[in-house]
Amino acid sequence: MERIFYVRPELSDEKKSELDMKLRLLSYDLKLSVTYFQQSLEFSTDIGTFHTVSGTLAFISPERKHMRIDNTEIDFADIVELDGDCFDPVININ
């Protein structure tokens, strides 16, 4: 099986602000879809793969900047996209 590796993306300030706003709206038991970067143990710290997990927010710690969707642990710094029905009322003015 062929695996494709990527360089960790540098998010724009606009994207960082959007993710920060969405993270502040989260609460337990919400249904979410999260795309995140996972560092490869085979390469340097900035090389890895992207994964998307959809499920229920089981744990969130703003202090530790960490969440769990079902059984998947995700650091806030690794998130590149965050979606869910809870964000539908949020209007992007850009």
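**View 1. The largest pocket and the elements that line it.** Helix α1 and strand β6 (79–83) each supply at least two residues of the lining of the largest pocket, in what is a predicted model. Of the elements involved, α1 gives the most to this lining, with 5 residues. The lining of the largest pocket is made up of 19 residues, and those that lie nearest its centre are L19, D20, L23, F76 and A77. Sorted by class, the lining holds 12 nonpolar and 7 charged residues, with no polar residues. The volume of the largest pocket is about 470 Å³. As background to such a view, rolling a probe the size of a water molecule over the atoms shows where empty space is left.

**View 2. The lysine K22 and the ring of F87.** K22 lies in helix α1, which covers residues 13–25, and is placed over the face of F87, at 5.2 Å from the ring centre. K22 counts as buried because its relative accessibility is 9%, and buried means under 20%. Leaving aside residues up to four places away in sequence, K22 touches E81, L82 and D83 as well as F87.

**View 3. The tilted pair of Y6 and F50.** A search of the whole structure finds 3 aromatic pairs, and one of them is formed by the rings of Y6 and F50, whose centres are 5.3 Å apart and whose planes meet at 55°, so that the pair is tilted. Because Y6 lies in strand β1 (residues 6–7) and F50 in strand β3 (residues 47–61), the pair ties together parts that are 44 residues apart in sequence. Y6 counts as partly exposed, at 40% relative accessibility, and F50 is likewise partly exposed, with a relative accessible area of 32%.

**View 4. The edge-to-face pair of F37 and F50.** The rings of F37 and F50 have their centres 5.5 Å apart, and with their planes at 70° the pair is edge-to-face, since an angle over 60 degrees counts as edge-to-face. This pair also links distant parts of the chain, for F37 is in strand β2 (residues 31–39) and F50 in strand β3, 13 residues apart. F37 is buried, with a relative accessible area of 1%, whereas F50 is partly exposed.

**View 5. The cluster of three rings.** Which residues do the ring pairs link into a cluster? They are Y6, F37 and F50; F50 takes part both in the tilted pair with Y6 and in the edge-to-face pair with F37.

Methods
Residues are numbered from 1 along each chain as its sequence is written. This is a predicted model: local features need pLDDT of at least 70, side-chain atom pairs count only at pLDDT 80 or more; totals for chains, interfaces and linings use all residues. Side-chain values use heavy atoms; hydrogens and water are left out. Rings of Phe, Tyr and Trp (its six-membered ring) pair if their centres lie within 6.5 Å; planes under 30 degrees apart count as stacked, over 60 as edge-to-face and the rest as tilted. Helices (H or I, at least four residues) and strands (E, at least two) are DSSP runs, numbered from the N terminus. Buried means under 20% relative accessible area, exposed over 50%, partly exposed in between (1.4 Å probe, protein chains only). A charge sits over a ring if NZ of Lys or CZ of Arg is within 6 Å of the ring centre and within 35 degrees of the ring normal. Contact means heavy atoms within 4.5 Å. On a 1 Å grid over the protein atoms alone, a cavity is a set of points where a 1.4 Å probe fits but cannot get out, and a pocket is an open set with protein on both sides within 12 Å along at least five of seven lines; lining residues have an atom within 4 Å of a point. Grid points are joined across faces, edges and corners, and a volume is the space filled by probe spheres set on the points. Ala, Val, Leu, Ile, Met, Phe, Trp, Tyr, Cys and Pro count as nonpolar, Asp, Glu, Lys and Arg as charged, and the others, Gly among them, as polar.
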